[in-house]
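Have the structure open as you read.

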Amino acid sequence: MRGILNMNFDTDIKCLYGVGPKKAELFNKMGIFTLGDLCYHFPRAYENRGNVIKVEDAQDGQISSFIIKMVTDPYIVVRNKKMTLAKMVGHDDTGKLTLVFYNNPYIKDSIHINGTYRVYGKVKRVRDNSEMVNPVYELVNPIKELMPFVPVYPLTQGINQKFMMSTIKLALDTVLSANISGVVDYIPYEVKKENNLADISYALQKIHFPNDYDEVKRARKRLAFDEVYLFSIRSMLTGNKEKNVPGAIYDISSSTKFLQSLPYKPTNAQTRTMREIATDLKSGRRMSRLVTGDVGSGKTLCAAFALFLALENGQKSVLMAPTEILARQHFISLSKMFEGFGYECLLLVGATPAAQKRKILQRLLQDEPVLVIGTHALIEDSVSVNNLGLIVIDEQHRFGANQRDKLRNKSKSCHLISMSATPIPRTLALVLYGDLDISTIDEMPPGRQVVDTYYVNEDYRERIDNFILKNVKEGGQVYIVCPSVEEEETIECEGGYSISLDMLEQFLDYKEKPKLKAAVNYSEELSRRFPELKVGFIHGKLKSKDKEKIMEQFVKGDLDILVSTTVIEVGVNVPNASLMIIENAEFFGLSGLHQLRGRVGRGDRKSYCILVSDTKNPNTMERLNILKNNHDGYMIWNIAVQEILLPSLERKVGKVVMQI
């Protein structure tokens with residue numbers, strides 16, 4: 001190890017004890033190369049092991065922490081060649097607790113009779129006895145205090161939680177010890193004081209090793225502010241530079257041909273946005289434009305207009321969507337639109353067969369104009385696009401900055417359109433997206449109906465069931481959205497990861513732990529409750545071909561009810577769907593709820609959205625009522641910011657920019 005005074009955020013992780021070439025390679029796969037990368041590799045959850053209760057207070061299914069003294073040594077049973085079972089018994093002054101470990105025969109070397117341990121895990125009540133299966137255990141040592149909160153990190157194969165935590169702690173200690181006054185804080189004292197922000201050294205320490213959730217919240221506030229602050233600086237420094245990069249000059253004379261092919265007249269807002277796009281394309285500078293608009297406002301038509309002009313000018317174009325469902329939907333609709341002009345659309349997703357993928361990659365290296373639509377598969381290194389003129393990124397906030405840049409770097413001079421249905425006020429958008437020109441579609445197409453929204457609790461379950469039957473009998477279809485996939489007390493989140501309810505309830509200040517509706521289990525329950533109806537379920541963990549098959553059945557009307565997680569949040573278009581039911585609505589953000597509501601009301605049928613929640617949290621109840629009483633996405637955003645979230649967010653961001 002080099003001298004500690006020479007170490008800083010840029011020091012290679014191989015300087016740390018225990019991180020040799022093999023371990024460093026594993027860290028590198030996660031994007032961790034330096035001590036700074038380690039310090040900013042934040043936990044995805046926390047285990048509240050310091051909240052110790054008595055054994056007699058244990059409840060079935062509850063995640064709990066106990067301090068017990070072992071009264072038996074582990075008893076090992078070999079059931080077959082593939083499984084071993086170890087049992088042991090401990091107690092506190094109120095009762096006994098049985099510990100059960102599967103496939104861990106070496107537990108006898110770690111837990112011993114008369115030893116005192118803190119154990120953490122899910123309690124299972126078996127008659128009058130309590131037991132834990134494969135709990136986390138720690139020896140209680142009076143000399144060394146146990147951590148009350150234990151971080152849980154994103155990992156890769158070959159690195160476990162214990163090693164990750166100890167390595168991050170070593171990195172933090174190393175960097176802080178090398179700087180007597182702590183890590184250099186780049187935010188001015190006046191800004192920190194005005195916004196009640198912690199020092200960066202405190203934030204980094206407490207985001208990893210907090211004593212309670214208040215410390216986590218304070219650390220997260222500082223680190224979140226840093227992102228906005230640095231993003232603002234980057235936007236100011238790069239905005240004008242990005243807007244003056246030379247780009248291909250397009251002939252836009254065929255715009256009329258595109259508009260005349262439409263079976264309807266675009267709204268004034270769509271016409272204005274298409275005019276702004278056409279002006280960019282003929283300007284001789286590279287277009288970088290963000291198109292924002294509420295759910296159903298017609299952003300895709302404006303993107304199709306730009307894609308058509310790229311093809312007409314002999315260039316290839318790419319549309320990247322965040323989910324395979326949405327990519328396939330774009331493929332179907334744009335293929336129909338462009339086939340009349342003689343242009344072909346290709347689909348490239350993760351599930352594309354290898355032989356078909358090779359053919360697509362070969363086509364992309366040829367000169368003829370073609371549109372390729374896909375997901376993250378488009379940013380793979382093996383994908384090269386010759387003569388790429390335009391990139392469209394749908395739901396751009398669902399992609400990381402590096403992913404968006406990686407796609408754009410496939411052609412240094414190509415034009416770019418980003419689309420987002422997240423309603424961002426223009427003043428804030430100018431700060432967050434200073435390197436982009438902004439088009440706002442603030443007008444809905446004529447005939448787009450208002451979806452009646454209701455907020456109810458479980459007492460209305462019988463009436464909800466009757467309403468489901470009524471809608472189906474009248475020829476409609478029903479979405480039912482659940483926060484989790486299976487009944488394992490985790491919620492499926494964007495990006496493919498899950499968060500534990502035990503962690504989430506602490507952050508959201510729940511006084512009670514609600515019962516999560518799970519897509520798999522709930523669909524089975526509904527099939528039993530409504531034997532005359534056809535019920536399907538879909539979630540992010542299904543294989544692509546299975547998701548495609550189920551969605552196709554729902555689109556064709558072969559399913560009456562589709563039970564889903566938020567995988568259907570963005571872009572899915574089933575005009576016959578007339579009822580959206582969102583279970584455990586308290587677990588969804590306003591933007592997500594508004595997006596989900598936008599999945600219905602797309603056809604001629606009168607449509608409804610029902611938010612179901614038993615929450616008693618006043619802020620959450622107010623948030624759900626905001627959605628119930630408002631249907632304009634921008635109005636919902638403004639009300640939420642002004643009344644619930646951060647009333648001065650835009651002012652603070654503006655002040656930060658002024659002080660840079």
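## Ground rules

A crossing of two helices is called left-handed if the near helix is turned anticlockwise from the far one by less than a right angle, and right-handed if clockwise. Helices (H or I, at least four residues) and strands (E, at least two) are DSSP runs, numbered from the N terminus.

This is a predicted model, in which local features need pLDDT of at least 70 and side-chain atom pairs count only at pLDDT 80 or more, while totals for chains, interfaces and linings use all residues. Residues are numbered from 1 along each chain as its sequence is written, and side-chain values use heavy atoms, with hydrogens and water left out.

## The overall picture

The protein has 660 residues, and 51% of them count as buried; buried means under 20% relative accessible area, exposed over 50%, and partly exposed in between (1.4 Å probe, protein chains only). Its secondary structure comes to 21 helices and 24 strands.

Contact here means heavy atoms within 4.5 Å. Among contacts with a separation of 6 or more, 73% are between residues 24 or more positions apart.

## Helix 9 and its two partners

Start with helix 8, which passes helix 9 in a right-handed crossing. The two pack at an angle of about 30°, with axes 9 Å apart. (Axes are lines fitted to C-alpha atoms, for helices over the stretch in contact, and angles run from 0 to 180 degrees between N-to-C directions.) Helix 8 and helix 9 are therefore roughly parallel: angles under 35 degrees count as roughly parallel, over 145 as roughly antiparallel, 65 to 115 as roughly perpendicular and the rest as oblique. Gln270, Thr273, Met274, Ile277, Ala278 and Leu281 of helix 8 make the contact with Leu301, Cys302, Phe305, Ala306 and Leu309 of helix 9. By class, that contact has nine nonpolar, two polar and no charged residues. (Ala, Val, Leu, Ile, Met, Phe, Trp, Tyr, Cys and Pro count as nonpolar, Asp, Glu, Lys and Arg as charged, and the others, Gly among them, as polar.)

Now look at helix 10. Its axis and that of helix 9 come within 12 Å and cross at roughly 55°, so helix 9 and helix 10 are oblique to each other. This crossing is right-handed too. From helix 9, Thr300, Ala304, Leu307, Phe308 and Leu311 meet His330, Leu334, Met337 and Phe338 in helix 10.

## The cores

A nonpolar core is a set of buried Ala, Val, Leu, Ile, Met, Phe, Trp, Tyr and Cys residues joined through side-chain atoms within 4.5 Å. Which members of the largest one touch the most others? They are Leu334, Phe338 and Ile417, out of 38 residues. Helix 9 gives the most to this core, with 11 residues. Ile417 is in contact with Ile277, Ala306 and Leu390, among others, leaving aside neighbours within four places in sequence.

Apart from this core lies another, of 34 residues, including Ile13, Met164, Val175 and Val183.

Ile13 lies in the segment before helix 1 (21-29) and is buried, with a relative accessible area of 1%. Ile13 and Phe33 are 20 residues apart in sequence, yet 5.9 Å apart in space, C-alpha to C-alpha.

Beyond its neighbours within four places in sequence, Arg328 is in contact with Leu347, Val349, Ala351 and Glu548.
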